[in-house]
Amino acid sequence: MIEFDNFSFQYREGTEPVLRNISLSIPDGAFVGITGAAGSGKSTLTYAINGIIPHCYPGDFYGAVSVEGYDTVDTSLTDLSRLVGSVCQDIDSQMVSTVVEDEILYGLENFAVPREEIPARVDEALEAMGIADLRERTIDSLSGGQKQKVALASVIALHPRVLVLDEPTAELDPASSVAVFELLARYAREHGTTVIVVEQKIALLSDYADLLVIVDEGQIRFADTPDAVLAHADELLALGVNCPRSTTLMNELAKRGLYAGPTVRNVAQATHALMEVLA
């Protein structure tokens with residue numbers, strides 16, 4: 001679905017590349033988590049997927065990036081927007097309407113979706129995000145989590161092949177964060193959509209992602225299953241990426257010869273593993 005071929009990019013006002021020699025293949029329907037220290041190049045990586053680079057942020061572009069076979073340089077931003085739906089970190093800046101239903105209608109009307117399809121698409125998007133009851137609410141009356149779901153609904157109503165989300169849970173509490181990831185995972189399974197999430201909460205990414213990508217100083221240090229990546233807890237910590245505490249605990253026990261099982265990603269797995277260790 002998405003292919004980076006020796007991709008490098010330097011913003012026009014920059015003095016050095018933000019991303020260097022990125023080669024990465026993302027299969028169709030994958031749930032991909034991207035994380036790394038602040039300033040590592042995570043967001044720039046997503047800008048190369050949705051076409052913001054190079055169409056909005058000019059600079060020195062090397063190599064190639066393609067989405068479903070379309071080169072992002074040669075394909076217009078409008079056409080890329082039909083393939084890739086994006087939700088930015090600052091949700092309020094993405095809202096263009098005052099009422100929830102109008103927010104979802106906005107994109108459908110701008111992309112000239114046939115009039116007879118629009119009601120069903122609005123209903124489908126609201127139901128998929130579990131916010132049908134918010135249809136007539138004003139945007140400014142919603143909580144942060146509800147706004148996040150509205151933004152997602154407005155994007156999935158367009159039926160994109162790829163969803164890109166930048167820090168979707170940055171302002172959400174733990175319960176709301178899990179709810180957003182559950183919605184994303186279910187939607188991806190049901191529709192075969194490729195989901196790419198930039199997120200600092202590595203525990204969430206580890207539980208939901210098929211592929212975990214670690215970016216450090218403009219390069220990809222790891223790109224593998226969460227279990228394979230979390231096995232390198234010490235190296236991740238050196239890169240400024242904190243592993244889940246349950247992972248750190250069990251990795252330490254493994255170093256001391258007290259645990260020989262698979263990589264642990266969450267508390268439930270750690271509890272089960274510790275019961276075996278103590279048995």
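The model is predicted: local features require pLDDT of at least 70 and side-chain atom pairs pLDDT 80 or more, while totals for chains, interfaces and linings use all residues. Residues are numbered from 1 along each chain as its sequence is written, and side-chain values use heavy atoms, with hydrogens and water left out.

Helix H8 covers residues 174-191 (helices are DSSP runs of H or I of at least four residues, strands runs of E of at least two, both numbered from the N terminus). Its 18 residues reach 26 Å from the first C-alpha to the last, close to the 26 Å expected (1.5 Å times one less than the number of residues). At the start of H8, the backbone nitrogen of Ala-175 lies within 3.1 Å of a side-chain oxygen of Asp-173.

Eight aromatic pairs were counted (rings of Phe, Tyr and Trp, the last by its six-membered ring, with centres within 6.5 Å; planes under 30 degrees apart are stacked, over 60 edge-to-face and the rest tilted). Phe-181 and Tyr-208 form a tilted pair, at 5.5 Å centre to centre and 45° between the planes. Phe-181 lies in H8 and Tyr-208 in H9, so this pair ties together parts 27 residues apart in sequence. Phe-181 is buried at 0% relative accessibility, and Tyr-208 is buried at 19%.

Definitions and conventions. Polar contact = N/O pair within 3.5 Å; in protein donor to acceptor, adjacent residues only side chain to side chain. Buried < 20%, exposed > 50% of the residue type's maximum accessible area, 1.4 Å probe, protein only.
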